[in-house]
Amino acid sequence: LVLCSDGLSKTVPEADITRLLAIDDESSAEGLIAAALDRGADDNVTAVTVAVVPNTGRNLEATVSWRL
């Protein structure tokens, strides 16, 4: 699941977003932001990614990374 600002969605084509999400779950938001900035995004760029995984009966873990 991806939540993003128009600084990302107007700058990075959907096919590229899909490709970047498939590379690495833990750093996908950073990769999306970097792609938008590399393409000269002229608006704020915000991205939040959420990986939904099957419940295995174990405690869920969350990884949060911030880049300002």
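What follows is a set of questions and answers about a predicted model.

Reader: What makes up the protein, and in what pattern along the sequence?

Author: The protein has three helices and two strands. Read along the sequence, they follow the pattern β-α-α-α-β. Of the 68 residues, 24% are buried. Among the contacts with a separation of 6 or more, 67% are between residues 24 or more positions apart.

Reader: Why is lysine 10 called exposed?

Author: The relative accessibility of lysine 10 is 68%. Exposed means over 50%, so lysine 10 counts as exposed. Lysine 10 is placed in the loop between helix H1 (6–9) and H2. Its C-alpha is 8.2 Å from that of alanine 41, although 31 residues separate the two in sequence.

Reader: Why is serine 28 called buried?

Author: Serine 28 has a relative accessible area of 5%. The cut-off for buried is under 20%, so serine 28 is buried. Serine 28 is found in helix H3. Apart from neighbours within four places in sequence, serine 28 is in contact with Leu20, Leu21 and Thr49.

Reader: How do you know that leucine 1 is buried or exposed?

Author: Leucine 1 has a relative accessible area of 65%. Since exposed means over 50%, leucine 1 is exposed. Leucine 1 lies in the segment before E1. It touches Val48, Thr49 and Val50, not counting residues up to four places away in sequence.

Reader: Which residues of helix H2 are buried, and what puts them on the same side of H2?

Author: In helix H2 (residues 14–23), the buried residues are Asp16, Ile17 and Leu20. They cover an arc of only 100 degrees around the axis, and therefore sit on the same side of H2. As background, an α-helix has 3.6 residues a turn, so residues three or four places apart point the same way. The face of H2 turned away from the buried side carries the exposed residues Glu14, Ala15 and Ala22. The buried residues of H2 pack against helix H3 (28–38).

Reader: Which residues of H3 are buried, and why are they said to line one face of the helix?

Author: Ser28, Ala29, Leu32, Ile33, Ala35 and Ala36 are the buried residues in H3. Seen down the axis of H3, they fall within an arc of 160 degrees, so they line one face of the helix. The cover over the buried residues of H3 includes strand E1 (2–4), H1, H2 and strand E2 (47–49). Just after H3, glycine 40 takes a positive phi of about 80 degrees.

Reader: How do H2 and H3 cross, and which residues meet there?

Author: The axes of H2 and H3 come within 8 Å and cross at roughly 145 degrees. The crossing is right-handed. From H2, Ile17, Leu20 and Leu21 meet Ser28, Gly31, Leu32 and Ala35 of H3. By class, this contact has five nonpolar, two polar and no charged residues.

Reader: What makes a set of residues a nonpolar core, and which residues make up the largest one?

Author: The residues must be buried, belong to the nonpolar kinds, and be joined through side-chain atoms within 4.5 Å. The largest such core has 12 residues: Leu8, Val12, Ile17, Leu20, Ala29, Leu32, Ile33, Ala35, Ala36, Ala41, Val45 and Ala47. H2 and H3 are the elements that give two or more residues to this core. H3 gives the most, with five residues. In soluble globular proteins, nonpolar side chains tend to be buried together.

Reader: What does alanine 47 touch?

Author: Leaving out residues up to four places away in sequence, alanine 47 touches Leu3, Cys4, Leu8, Ala29, Leu32 and Ile33.

Terms used. Residues numbered from 1 in each chain as written. Predicted model: local features only at pLDDT ≥ 70, side-chain atom pairs only at ≥ 80, totals over all residues. Heavy atoms only, no water. Buried < 20%, exposed > 50% of the residue type's maximum accessible area, 1.4 Å probe, protein only. Helix = DSSP H or I, 4+ residues; strand = E, 2+ residues; numbered from the N terminus. Arc of directions from axis to C-beta. Contact = heavy atoms within 4.5 Å. Axes fitted to C-alpha atoms, helices over the stretch in contact; angles between N-to-C directions. Left-handed = near helix turned anticlockwise from the far one by under 90°. Nonpolar A, V, L, I, M, F, W, Y, C, P; charged D, E, K, R; others polar.
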